[in-house]
Amino acid sequence: MASVKWIKQISLIDSTFKGPYQSVDYMYYPHKQNEEDAFPVTTMNVNSTIQKPLDMDVLRTGTHLIKGIAWTGNGTIEKVEISVDHGQSWMEAAPQLNTDKNGWVQWSFQWTVTQPGEFTILSKATDTAGRTQPSTPFWNQKGYGYHAIDQISVKIEE
C-alpha cells in the first residue's frame, strides 16, 4: 500500500477579497434609495432573546421562570437585564458562566407577579466591549444584524 502524505497549505492575500458574498450579499445597505455608504457584515451585534414564556402565553399569578439566550460577536456577555414595566426599570437576570469567547449564554430570571393584567417582558444584553442592545435597531435594506431589545407579551390571570 502506498502512503499518502497530506500537506496543509495556507495562502494569505494582501487585499480585501471581493467575492459576491463579501461585496454584495452580506452587506449593510443603510439607505432605502441607494447603495451608498454600504459596508460589510463582520461582527455579530450583541443580542438576546426570550425563550420562555412564549409570546401571548396566559399565566397565573405567582412565580414564573423567564429564560432565554444571549450572544455577541465581540467579547462575552457581561449581563442580561429584564424589564416588566416597559423599560422604566431593569432587573439583572442570572446568566450561566460561559468562558467561550463569542459563545451563547443561557440566562434566567425568577419573576413574581401578584396582580392580573397584561405585561410586556423585555430583555437586553450587554457585552464586555460595552455594547448594549438598543431599543431601535440599526436599519438596513437586508435586515442583517437585527439586535433590538427583545420583547414578548403575556397575560396574567388569577
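Me: In what order do the elements of the chain run from the N terminus on?

Reply: The model is a predicted one, and its chain holds one helix and 11 strands. Buried residues make up 32% of the 158 residues, and the accessible surface comes to about 10800 Å², with 51% of that belonging to carbon and sulfur atoms. Read from the N terminus, the elements run α-β-β-β-β-β-β-β-β-β-β-β.

Me: What share of the chain's contacts with a separation of 6 or more comes from residues 24 or more positions apart?

Reply: Contact here requires heavy atoms within 4.5 Å. Among the contacts in the chain with a separation of 6 or more, the share from residues 24 or more positions apart is 69%.

Me: Which strands stand at the edges of the open sheet of five strands?

Reply: This open sheet has the order 4-11-10-6-7, and its pairing is mixed. The edge strands each have a single partner strand, so one side of each is left without a neighbour in the sheet; they are strand 4 (57–60) and strand 7 (91–92).

Me: Which element gives the most residues to the largest nonpolar core?

Reply: The largest nonpolar core has 21 residues, and those with the most contacts inside it are I66, I82, W107, W111, I121 and V154. Two or more residues come from each of strand 5 (62–71), strand 6 (77–83), strand 9, strand 10 and strand 11. With five residues, the element that gives the most is strand 9.

Me: Are the rings of Y26 and Y144 stacked, edge-to-face or tilted?

Reply: The count of aromatic pairs comes to six, and one of them links Y26, in the loop between helix 1 (20–25) and strand 1 (27–28), with Y144, in the loop between strand 10 and strand 11, 118 residues apart. Both residues are partly exposed, with relative accessible areas of 43% for Y26 and 26% for Y144. Planes under 30 degrees apart would count as stacked and over 60 as edge-to-face. The centres of the Y26 and Y144 rings lie 5.6 Å apart with planes at 50°, so the pair is tilted.

Me: Which residues does the cluster that includes F39 and F138 link?

Reply: The rings of F39 and F138 have their centres 6.0 Å apart and their planes at 45°, so they form a tilted pair. F39 is in strand 2 (residues 39–40) and F138 is in the loop between strand 10 and strand 11, 99 residues apart. F39 is partly exposed at 35% relative accessibility, as F138 is at 37%. Ring pairs build a cluster of F39, F138 and Y28.

Me: How far is the charged end of K124 from the centre of the ring of W90?

Reply: The charged end of K32 sits over the ring of W139, 5.4 Å from its centre. The charged end of K124 sits over the ring of W90, and its distance from the ring centre is 4.3 Å.

Me: Is T120 buried or exposed?

Reply: T120 lies in strand 10. Leaving aside neighbours within four places in sequence, T120 is in contact with S83, V84, D85, H86, Q151, I152 and S153. Its relative accessible area is 14%, and because buried means under 20%, T120 counts as buried.

Me: What separates the C-alpha atoms of Q151 and I50?

Reply: Q151 is in strand 11 and counts as exposed at 53% relative accessibility. Not counting residues up to four places away in sequence, Q151 touches I50, T120, I121 and L122. Q151 and I50 are 101 residues apart along the chain, and their C-alpha atoms are separated by 7.3 Å.

Definitions and conventions:
Residues are numbered from 1 along each chain as its sequence is written. This is a predicted model: local features need pLDDT of at least 70, side-chain atom pairs count only at pLDDT 80 or more; totals for chains, interfaces and linings use all residues. Side-chain values use heavy atoms; hydrogens and water are left out. Two strands pair if DSSP finds at least two bridges between them. Helices (H or I, at least four residues) and strands (E, at least two) are DSSP runs, numbered from the N terminus. A nonpolar core is a set of buried Ala, Val, Leu, Ile, Met, Phe, Trp, Tyr and Cys residues joined through side-chain atoms within 4.5 Å. Buried means under 20% relative accessible area, exposed over 50%, partly exposed in between (1.4 Å probe, protein chains only). Rings of Phe, Tyr and Trp (its six-membered ring) pair if their centres lie within 6.5 Å; planes under 30 degrees apart count as stacked, over 60 as edge-to-face and the rest as tilted. A charge sits over a ring if NZ of Lys or CZ of Arg is within 6 Å of the ring centre and within 35 degrees of the ring normal. Accessible areas come from the Shrake-Rupley method with a 1.4 Å probe; for residues, only the protein chains shown count as cover.
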